[in-house]
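Good morning, everyone. Please look at the display as I begin.

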Amino acid sequence: MINNSGLLNIFAAKGATGTGVAHRFEDYNKIFFKFGSASSANLTVKFQISFSNEQPDFSASQSVSNHWDYVDVIDAQSGSSIDGDTGVALTGTDDFRLFEINAGGAVWVCATITARSAGTLTLDTYGVTY
Amino acid sequence: MIESSGLITILDAAVADGAGTSIYVGDYDRIFLQLGSADDTGAANATINFVGSLSNTAPTFSAARSVSNHFEYIDVIDLEDGASIDGDTGIAFAAANDFRNLEVNFGGLKWINAVVSSWVDGQITLKVYGVTH
């Protein structure tokens with residue numbers, strides 16, 4: 001029977017660099033992102049996951065005791081893989097995208113905005129098990 | 001236990017540009033599409049792009065995309081040859097009817113639809129089938 005998280009917000013029209021709200025997703029074997037920008041966004045977003053029992057600090061440096069990594073995602077428009085260390089870069093043109101994490105089963109999900117010079121980003125995540 | 005949607009019509013012999021009927025497929029792990037065309041005054045000559053959304057309510061697929069009207073053009077797999085068809089490209093009929101089975105390359109969508117563009121001729125019929133095994 002289907003079990004889903006509903007849409008959970010990571011960034012709500014965020015217009016600055018920084019890390020969003022982390023969500024616990026271990027109940028779901030498929031994890032998606034709904035990505036939309038406004039005001040001619042110019043920024044980079046990187047998606048993050050962790051298998052740690054306790055929520056890591058996704059805004060702090062990676063370490064053995066603060067374990068997380070950037071995660072590859074699949075672009076729904078092309079089926080292509082986007083490397084976690086690369087992330088998604090907008091360069092002044094707004095975009096509206098859907099992604100699937102290429103590692104269903106993650107316990108924690110988050111994202112970080114870097115290199116922002118303009119615009120805002122809204123990012124939601126959705127987990128589901130069929 | 002298998003759960004399926006049955007075949008649900010998105011485009012019913014469409015003969016103009018525009019979006020079809022939005023179908024909720026959030027209950028299904030795999031989403032398939034049955035695309036076919038027939039003569040109108042002549043064979044199909046049009047482009048079909050498949051569109052999907054994770055939003056809780058169906059977006060207006062015929063309107064511009066935005067944060068509040070969020071959808072994406074969706075990659076599909078052609079079951080005849082396993083090829084990936086980019087969502088921005090879609091499937092173009094060039095004055096020849098065709099009959100295709102496709103799988104959405106993004107299980108987990110809540111809403112599916114399709115947009116006909118550059119329509120010149122032909123009747124386009126598209127049905128969706130969702131299934132969870």
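How much area is buried between chain A and chain B? In this predicted model, the area is about 2,100 Å², and carbon and sulfur atoms give 60% of it. On the side of chain A, the residues that lose the most area to chain B are Gln77(A), Phe96(A) and Tyr130(A), which together account for 34% of what that side buries.

Let us turn to the contacts themselves. In total, 25 residues of chain A are in contact with 29 residues of chain B. The rule finds 10 residue pairs in polar contact across this interface, both residues being at pLDDT 80 or more. Four strands of chain A, namely S5 (30-50), S7 (73-75), S10 (96-101) and S11 (108-129), each supply at least two residues of the side that touches chain B. Of that side, S5(A) gives the most, with 8 residues. Sorted by class, the side of chain A comprises 13 nonpolar, 6 polar and 6 charged residues.

The interface also has 2 salt bridges by the rule. In a salt bridge between Asp95(A) and Arg65(B), the closest N and O atoms are 3.9 Å apart.

I now move to strand pairing within chain B. Strand S11 (residues 111-121) is joined to strand S2 (residues 18-19) by 2 bridges, and the two run antiparallel; here Gly18(B) has Val116(B) as its bridge partner. Strand S3 (residues 23-24) is also antiparallel to S11(B), with 2 bridges, and Tyr24(B) stands opposite Trp111(B). Finally, 8 bridges join strand S5 (residues 45-53) to S11(B), again antiparallel, with Asn49(B) partnered by Val115(B).

Thank you for your attention.

Methods. Residues numbered from 1 in each chain as written. Chains lettered and ligands numbered in written order. Predicted model: local features only at pLDDT ≥ 70, side-chain atom pairs only at ≥ 80, totals over all residues. Heavy atoms only, no water. Contact = heavy atoms within 4.5 Å. Buried area = accessible area lost by both parts, 1.4 Å probe. Salt bridge = Lys/Arg side-chain N within 4 Å of Asp/Glu carboxyl O. Polar contact = N/O pair within 3.5 Å; in protein donor to acceptor, adjacent residues only side chain to side chain. Nonpolar A, V, L, I, M, F, W, Y, C, P; charged D, E, K, R; others polar. Pairing = 2+ DSSP bridges.
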